[in-house]
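This report goes through a few features of one protein structure for a reader who has not seen it before. The sequence and the model come first.

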Amino acid sequence: MKERRKHYRAIINKHAWICDFDGDTSPSSLKDCLIVDISENGACIQCSTPYGIGQPLAFIYQDFIEDGLRPVVGIVMWSNQHSETDYRHGVEFLGLSTHMLHKIREQVSRIAAENTSQLG
């Protein structure tokens, strides 16, 4: 099967929170999730909620909050049940700010370099 990704995807397994796309980011609307991997185009997230293909959503990642960045907005491109209680969703990012794109590139590059040095 041909690889369709345009950008390197770094495995990060970091805790995050999903919120509805309507912009309500109050604590009552946040749901726990795990960012399995991330690239500058999208991410794989894992959570207990099944989302449908084409559904918009946003997630908040602690490292980006510390930099004063807003939630990452995206659209679900694929969805699979991962276990009895968890689902994995491929999310394509929509309209990242230049600052957010830079932060994601920086993190992915750092992880890629760490992975390369561990192999050699």
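A search of the whole structure, which is a predicted model, finds 0 disulfides. A disulfide would need two cysteine sulfur atoms within 2.5 Å. Two cysteines show how far the sulfurs are from meeting that cut-off. For Cys19, the closest cysteine sulfur belongs to Cys33 and lies 9.4 Å away, which is too far for a bond. For Cys33, in turn, the closest cysteine sulfur is that of Cys47 at 6.3 Å, again too far for a bond.

How many strands close into the barrel, and in what order? There are 6 strands in the barrel, and they follow the order 1-2-3-6-5-4 with antiparallel pairing. On average, neighbouring strands of this sheet are turned by 45 degrees against each other when direction is ignored. In general, the strands of a sheet pair through backbone hydrogen bonds, in a parallel or an antiparallel way.

One pairing can be followed in detail. Strand 2 covers residues 31–38 and strand 3 covers residues 42–47, and the two are joined in the antiparallel sense over 4 bridges. Leu34 has its bridge partner in strand 3, namely Gln46.

Strand 1 spans residues 10–19 and contains Asn13. The phi angle of Asn13 is near 45 degrees, a positive value in a residue other than glycine. Is Asn13 buried, exposed or partly exposed? Asn13 counts as partly exposed because its relative accessibility is 44%, which lies between the limits of 20% and 50%.

The whole structure holds 1 aromatic pair. Its members are Phe59 and Phe93, whose ring centres are 6.0 Å apart and whose planes meet at 45 degrees, so the pair counts as tilted. Phe59 sits in strand 4 (residues 56–61) and Phe93 in strand 6 (residues 87–93), so the contact ties together parts that are 34 residues apart in sequence. Both Phe59 and Phe93 are buried.

Methods
Residues numbered from 1 in each chain as written. Predicted model: local features only at pLDDT ≥ 70, side-chain atom pairs only at ≥ 80, totals over all residues. Heavy atoms only, no water. Buried < 20%, exposed > 50% of the residue type's maximum accessible area, 1.4 Å probe, protein only. Pairing = 2+ DSSP bridges. Axes fitted to C-alpha atoms, helices over the stretch in contact; angles between N-to-C directions. Phe/Tyr/Trp six-rings, centres within 6.5 Å; stacked < 30°, edge-to-face > 60°.
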